Amino acid sequence: MFKNKIMKIKKEQLLDFNNSGIHSHKDNYEFLANQLTNKGHNVETIVSKLAKFQVAIPSWALGAGGTRFGRFSCYGEPSTLEQKIEDVGVLHALTQTAGAVSLHIPWDVPEDYKAIKELASSLDIKFDAVNSNTFQDQKDVRETYKYGSLSNTSQAVREQAIAHNLDVINIGNQLGSKALTVWLADGSCFPGQNNFQTAFQNTQDSLKDIYKGVPDDWKMLIEYKPYEPNFYSTVIQDWGASLMLANECGDKAFTLVDLGHHLPNSNIEQIVSILQLKGKLGGFHFNDSKYGDDDLTVGSIKPYALFLIFNELVYGMENNPQNPDLAWMIDASHNVKDPLEDLIQSLEAIQEAYAKALLIDQAVLKAAQENNDVVKCQEILQEAYRTDVRPLLEKARLNSGGVLSPIHAYRALDIRGGLIKERGKNTVATGL
Ligand code: RM4
Ligand code: MN
Ligand code: MN
């Protein structure tokens with residue numbers, strides 16, 4: 001078992017905290033619930049959908065991120081996998097929305113599987129998709145990924161990268177994960193450096209080899225990204241490339257959409273919609289951005305775009321049973337905020353966008369679309385978007401044993417202070 005004391009938030013602490021805000025919550029909730037009921041909504045169904053919606057926390061987003069210019073510690077960072085799970089436990093206890101963790105291998109290889117599984121289940125946390133890493137060279141490796149991994153011109157490099165992905169599946173299997181996420185940095189920095197066709201073909205062949213090792217009840221999620229760390233070309237640059245590869249691999253392979261992995265002004269909601277139509281949307285990474293893969297707090301820059309994406313996701317969840325249950329994850333990085341506070345804000349923004357999308361009457365929208373009533377279509381979307389749904393989120397949290405206001409509770413309970421006391425100021429979390 002673990003030697004460290006695990007910070008667990010006691011139910012009584014949360015109750016105390018909730019008591020102080022319960023009256024105004026009740027007033028706000030009743031007012032909103034009445035309004036929505038009068039408009040024909042089933043408020044209880046919405047609240048229970050919100051309560052069920054769980055988003056995985058990436059194990060690499062619990063410490064301070066950084067840029068190539070520097071990194072500033074947030075103090076009390078988790079330096080072991082158990083401490084990372086402890087942090088996810090804090091998030092989940094407060095929000096009741098973060099019931100899963102997604103591990104990046106080899107940043108977070110468990111040493112004692114039994115103990116780590118017991119710890120996670122004591123905090124009501126499941127193991128979501130496992131992520132492979134062939135974008136960095138690990139210690140003592142034979143081959144370098146400097147010029148790519150699954151796409152590399154060298155067979156020895158490709159074999160090493162394939163073997164790593166199979167190892168990751170094996171690790172995930174022991175934890176109860178059901179998906180492998182493959183994101184490749186492969187590409188080129190200069191024109192002429194790569195033969196596009198060779199690189200794509202090698203990637204396809206390598207993915208097919210990995211796919212042979214994907215268990216029947218697993219998914220393989222192929223994540224795309226247009227640039228970075230390569231700046232001229234990326235092998236899996238967009239949803240089209242990902243979809244082609246997923247189709248080549250087979251029924252257990254899907255496209256994964258990361259919100260930050262699009263060129264400016266891409267219509268992400270349309271991408272999401274068509275992938276669902278084709279039964280090939282498998283996973284989702286939430287974050288927000290102004291320019292590129294900024295990995296900022298979800299909903300902090302383009303909340304309306306997030307809502308439009310959720311509108312398509314809700315439509316797809318209702319109308320496209322050809323897709324699997326999606327693997328939801330926050331893929332963010334925190335340079336100036338306390339990571340846990342940042343993640344709480346992201347979780348709230350996700351729930352908010354989801355709740356607003358649930359307020360869209362899809363049948364009425366469809367009828368307006370069929371009549372080409374453009375103005376009405378916009379009114380329907382914006383009516384939902386303008387509704388302050390926060391009392392519904394509070395209700396969903398209360399029903400599941402969470403808190404009215406996670407961010408206030410986090411501060412009132414001085415969680416970061418407690419973590420610093422437990423871990424010290426100088427710990428560093430593995431990750432980027
Ligand atoms: C990538 C991508 C992957 C993540 C790495 C750390 O940009 O978003 O999902 O695993 O970053
Ligand atoms: Mn991602
Ligand atoms: Mn990214």
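The manganese ion (ligand 3) is coordinated by His261 through NE2 and by Asp293 through OD, at 2.2 Å. Donors are N, O and S atoms within 2.8 Å of the metal (3.2 Å for Na, K and Ca); water is not among the atoms, so sites may look incomplete. The model is predicted: local features need pLDDT of at least 70, side-chain atom pairs count only at pLDDT 80 or more, and totals for chains, interfaces and linings use all residues. Residues are numbered from 1 along each chain as its sequence is written, chains are lettered from A and ligands numbered from 1 in the order in which they are written, and side-chain values use heavy atoms, with hydrogens and water left out.

His261 and Asp293 link distant parts of the chain, 32 residues apart. His261 sits in the loop between E9 and H8. Asp293 sits in the loop between strand E10 (281-286) and helix H9 (303-319). Helices (H or I, at least four residues) and strands (E, at least two) are DSSP runs, numbered from the N terminus. His261 counts as buried because its relative accessibility is 4%. Buried means under 20% relative accessible area, exposed over 50%, and partly exposed in between (1.4 Å probe, protein chains only).

A distance of 3.9 Å separates the manganese ion (ligand 3) from the manganese ion (ligand 2). The protein donors of the manganese ion (ligand 2) are Glu223 (OE), Asp258 (OD), His285 (ND1) and Asp331 (OD). They lie 2.1 to 2.3 Å from the ion. The 6 donor atoms around the manganese ion (ligand 2) subtend angles of 71 to 167 degrees, so the arrangement is octahedral. Six donors count as octahedral if opposite donors are over 155 degrees apart and all others between 65 and 115. Ideal angles for six octahedral donors are 90 or 180 degrees. The donor residues of the manganese ion (ligand 2) follow the spacing E-x34-D-x26-H-x45-D in sequence. Glu223 lies in strand E7 (residues 219-223) and Asp258 in strand E9 (residues 253-258), so the pair ties together parts that are 35 residues apart in sequence. Both Glu223 and Asp258 are buried.

The loop between E7 and strand E8 (233-234) holds Phe231. Phe231 counts as exposed because its relative accessibility is 57%. Pro229 is found in the loop between E7 and E8. The peptide bond joining Glu228 and Pro229 is cis, with omega about 10 degrees. Pro106 is in the loop between strand E2 (100-102) and helix H4 (113-122).

Most residues other than glycine have a negative phi, and most peptide bonds are trans. Asn265 has a positive phi of about 70 degrees. Asn265 belongs to the loop between E9 and helix H8 (268-277), and is exposed, with a relative accessible area of 81%. Asn372 has a positive phi of about 55 degrees. Asn372 lies in the loop between helix H11 (362-370) and helix H12 (374-386). At 62% relative accessibility, Asn372 also counts as exposed.

In helix H13 (residues 390-399), the buried residues include Pro391, Leu392 and Leu393. The buried residues of H13 pack against helices including H1 (11-38), H2 (43-52) and H10 (339-358); contact means heavy atoms within 4.5 Å. Just after H13, Gly401 takes a positive phi of about 90 degrees.

Methods
Tetrahedral: all angles 85-135°; square planar, octahedral: opposite > 155°, others 65-115°.
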